[in-house]
Amino acid sequence: MTGRSVLGAGQGFPVGDVIAGVICLAGCITFLFMALALPAGHSTGDTGPGALPEQVAVFGTVCSAAYLVLALRRAFAHERPDFSASGRALAAYAIFLVCMSGAGWIGLPLALALASALVTLLFAGERPLIRAAATGAGIWLIAVLLFGKLLGLPMP
């Protein structure tokens, strides 16, 4: 043994990625158990709105498990962006927190649309106001038409 690390420089065990993967996987599995415990409602068949929480939980569990496997295989070893350099993630969280706090007064579709539009403004690009308006309108249409009208889910 030479005493040198078997791993190359900067290629240590990805503790942060593994922790994030385990937390996401645990959260999705918990969400799946909570979705399975929901009382039976209308249209709880394979594709009805009652099955939507279960479908989201299964999709999240699969994605989280895939991320965890990739993290354990060190697939992200060369990708180390510095997310803490900008306050964009904290700003996005704060925007969604404030907007969702007002969902009871302005309604969930409008709160989601407003939050999405404001978060869009955090990213550089051409015509930010047009992009924000298009994002907000698209999210509002999805919430109202898809979830509210088509699936018949109640929108607070």
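How many residues does helix α1 have, and how far does α1 reach from its first C-alpha to its last? I started there. The model is a predicted one.

**Helix α1**

I found that α1 covers residues 15-36 and has 22 residues. Its reach is 31 Å, close to the 32 Å expected at 1.5 Å a residue.

Next I looked up burial. The buried residues of α1 are Asp 17, Val 18, Gly 21, Leu 25, Cys 28 and Ala 35. Looking down the axis of α1, I noted that these buried residues fall within an arc of 120°, so they line one face of the helix. I wrote down a general rule beside this. An α-helix has 3.6 residues a turn, so residues three or four places apart point the same way.

Then I checked the other side of α1. There Ile 23, Phe 33 and Met 34 are exposed. I also asked what covers the buried residues of α1. The cover includes α2, residues 52-72.

Residues 56-72 are 100% helix and 0% strand. The end C-alpha atoms of 56-72 are 24 Å apart.

Residues 93-123 are 84% helix and 0% strand. Here the end C-alpha atoms lie 14 Å apart.

**Thr 120**

Last, I picked one residue. Thr 120 lies in helix α5, residues 108-120. Is Thr 120 buried or exposed? Thr 120 has a relative accessible area of 12%, so I logged it as buried. Leaving aside neighbours within four places in sequence, Thr 120 is in contact with Arg 131, Ala 132 and Thr 135.

Technical notes:
Residues numbered from 1 in each chain as written. Predicted model: local features only at pLDDT ≥ 70, side-chain atom pairs only at ≥ 80, totals over all residues. Heavy atoms only, no water. Helix = DSSP H or I, 4+ residues; strand = E, 2+ residues; numbered from the N terminus. Buried < 20%, exposed > 50% of the residue type's maximum accessible area, 1.4 Å probe, protein only. Contact = heavy atoms within 4.5 Å. Expected span 1.5 Å × (residues − 1). Arc of directions from axis to C-beta.
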